[in-house]
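I opened my notebook to look up a few things in a structure. Come along and check each entry against the picture.

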Amino acid sequence: MTAHSSSFHAIAWHEQSLHLLDQRVLPHTHQILKYHTAADVADAIRDMVVRGAPAIGITAAYAYALDALAGRDLDQAYKVLAESRPTAVNLFWALERMASLGTDDPHALVAEAKKIHDEDITANLDMGKFGASLLNDQCRIYTHCNTGALATGGHGTALGIIRSAVTQGKVSQVYAGETRPWLQGARLTAWELMQDNIPVKLVCDGAAAQLFRQGAVDWVIVGADRITANGDVANKIGTYSLAVLAKHHGMKVMVAAPSTTFDLTLDNGTAIPIEQRPMSEVTSLNGQPIAPEGCEAINPSFDVTPAELIDAIVTEKGYVLNPTVANISAMMVGNG
Ligand code: MRU
């Protein structure tokens with residue numbers, strides 16, 4: 001496995017089973033759950049035991065291998081995993097890559113899943129270098145959701161760029177948006193950054209506008225769940241608001257994602273399927289109701305940020321500034 005600095009593993013293959021660090025109970029409880037079937041892993045993805053686009057893809061690849069080990073029907077494994085969450089295209093990319101091997105040999109499939117995992121770490125380390133090169137010295141960064149080692153094979157995408165920039169001495173402050181309703185920023189990003197002694201301040205989602213108005217931020221750096229051919233980006237709900245705010249206040253927006261997050265079959269973001277999650281995630285907190293009984297809510301898990309609000313998209317292949325169909329397609333074929 002490619003070396004990266006995190007002291008924990010969100011996803012691990014161990015003695016023919018899949019181990020997932022339960023992200024629902026972090027940071028105060030460290031619970032490893034063990035899986036032996038693709039159906040149970042699909043539930044784990046849906047229930048947010050593991051989350052983050054690249055991590056979901058890697059997990060699905062291992063889950064497919066689990067069913068091969070047990071001699072179960074791989075078409076069924078593919079189907080049940082593909083139905084777990086709709087927005088992150090990495091899930092479908094990973095399943096296609098596993099199925100396209102055209103084998104039910106468990107050894108070959110476990111090896112392929114490990115390769116997908118390893119390639120993601122390498123991609124993040126490369127992305128870290130490209131992204132960090134775009135940042136100014138003493139950079140003040142605002143990030144949203146969690147895009148770190150928990151959300152990927154390791155190191156992270158947006159958080160990987162922050163890690164790489166910190167090792168170059170370029171970061172003076174990171175602000176982590178709390179990210180309602182799942183609080184990935186408060187529970188996961190703040191925890192990952194504090195473990196690495198990176199200066200982080202937690203921000204209520206609603207406080208971002210005032211912070212930007214004070215001129216306290218240079219770059220907003222976020223991840224992605226799906227990027228279309230023209231550079232529109234689906235990411236955690238709240239990303240679009242941040243991009244609009246950044247534009248208004250003259251701050252720059254960077255999106256970091258591996259090439260496995262691109263869906264070049266879609267012309268633009270209007271066709272991206274947006275996951276709608278249960279109302280109860282908004283009307284309650286830690287199982288306790290916070291809204292009147294019977295109150296309705298909307299809970300889209302992702303939004304789409306149009307390409308014109310994005311200054312840079314960074315991948316392991318390089319980066320594009322002011323994304324367009326032409327510069328994205330050039331980068332994806334290796335001329336970025
Ligand atoms: O609902 P989640 O926690 O899976 O959403 C995660 C995000 O939106 C991340 O920003 C994205 O997947 C990129 S993770 C490197």
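**Entry 1: what I am looking at.** I reminded myself that this is a predicted model.

Entry 2: I began with D225 and found an N or O atom of its side chain 2.8 Å from an oxygen atom of the ligand. I then checked R51, where a side-chain N or O atom is also 2.8 Å from a ligand oxygen. For N235, I noted 2.6 Å between a side-chain N or O atom and an oxygen of the ligand.

**Entry 3: how covered is the ligand?** How much of the ligand's exposed area does the protein bury? I wrote down 100% of the 420 Å² that the ligand exposes when taken alone.

**Entry 4: where the ligand sits.** I looked for its place and found the ligand in the largest cavity. Two elements, α2 (53–69) and β9 (233–236), each give two or more residues to the shell around the ligand. I counted 19 residues around the ligand, and those that come nearest are R51, A53, D225, N235 and K236.

**Entry 5: the cysteines.** I recalled that a disulfide is a covalent bond joining the sulfur atoms of two cysteines. How many disulfides does the model have by the distance rule? I got zero, with a cut-off of 2.5 Å between the sulfurs.

Key:
Residues numbered from 1 in each chain as written. Predicted model: local features only at pLDDT ≥ 70, side-chain atom pairs only at ≥ 80, totals over all residues. Heavy atoms only, no water. Near = heavy atom within 4 Å. Polar contact = N/O pair within 3.5 Å; in protein donor to acceptor, adjacent residues only side chain to side chain. Areas by Shrake-Rupley, 256 points an atom, 1.4 Å probe, with all protein chains shown as cover. 1 Å grid on protein atoms, 1.4 Å probe; cavity = no way out; pocket = protein on both sides within 12 Å on 5 of 7 lines; lining within 4 Å. Sits in = over half its atoms within 2 Å of the grid points. Helix = DSSP H or I, 4+ residues; strand = E, 2+ residues; numbered from the N terminus.
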